Amino acid sequence: MRNTYTTISGDMWDKIAYEQMGSVLYTDKLIRANAEYAALFVLPAGIVLTIPEVEGEADMELPPWKRGILS
């Protein structure tokens with residue numbers, strides 16, 4: 001069974017990644033798993049997102065808007 005999350009009005013990708021997956025560093029993985037909504041920054045209520053499995057820290061990537069900040 002796949003893990004899912006139903007958005008509430010005003011949800012953002014990094015908040016969902018943090019609350020559902022344990023770190024904002026999984027934001028990119030969350031967006032890729034729900035590519036049809038990738039253009040949205042703030043999500044409306046009622047979207048059912050797939051929450052991908054967290055396999056370990058080796059898979060973590062910074063979200064696109066945070067890359068290059070930590071040099």
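This is a predicted model: local features need pLDDT of at least 70, side-chain atom pairs count only at pLDDT 80 or more; totals for chains, interfaces and linings use all residues.
Residues are numbered from 1 along each chain as its sequence is written, and side-chain values use heavy atoms, with hydrogens and water left out.

**Overall fold**

- The chain has two helices and four strands. Helices (H or I, at least four residues) and strands (E, at least two) are DSSP runs, numbered from the N terminus.
- Along the sequence, the pattern reads β-β-α-α-β-β.
- Of the 71 residues in the chain, 31% are buried. Buried means under 20% relative accessible area, exposed over 50%, and partly exposed in between (1.4 Å probe, protein chains only).
- Take the contacts between residues at least 6 apart in sequence: 66% of them join residues at least 24 apart. A contact means heavy atoms within 4.5 Å.
- The accessible surface of the chain is about 4700 Å², with 56% belonging to carbon and sulfur atoms. Areas come from the Shrake-Rupley method with a 1.4 Å probe; for residues, only the protein chains shown count as cover.

**Helix α1**

- Helix α1 spans residues 13-21, and Trp-13, Ile-16, Ala-17 and Met-21 are buried in it.
- Seen down the axis, these buried residues fall within an arc of 100°, so they line one face of the helix. The arc is that of the directions from the helix axis to the C-beta atoms.
- An α-helix has 3.6 residues a turn, so residues three or four places apart point the same way.
- The cover over the buried residues of α1 includes β1 (3-6), β2 (11-12), α2, β3 and β4 (48-51).
- Gly-22 follows α1 and has a positive phi, near 100°.

**Surface patch**

- Met-12, Phe-41 and Val-42 form a nonpolar surface patch, with about 320 Å² of accessible area together.
- Patches are made of residues with over 30% relative accessible area and no salt bridge; like charges are joined within 9 Å, nonpolar side chains (Val, Leu, Ile, Met, Phe, Trp, Tyr) within 5 Å. A salt bridge is a side-chain nitrogen of Lys or Arg within 4 Å of a carboxyl oxygen of Asp or Glu.
- Phe-41 sits in the loop between α2 (27-33) and β3 (42-43). Phe-41 is exposed, at 64% relative accessible area.
- Val-42 lies in strand β3 and is partly exposed, at 48%.

**Val-42 and its contacts**

- Not counting residues up to four places away in sequence, Val-42 touches Gly-10, Asp-11 and Met-12.
- Val-42 and Gly-10 are 32 residues apart along the chain, yet their C-alpha atoms are separated by 5.6 Å.
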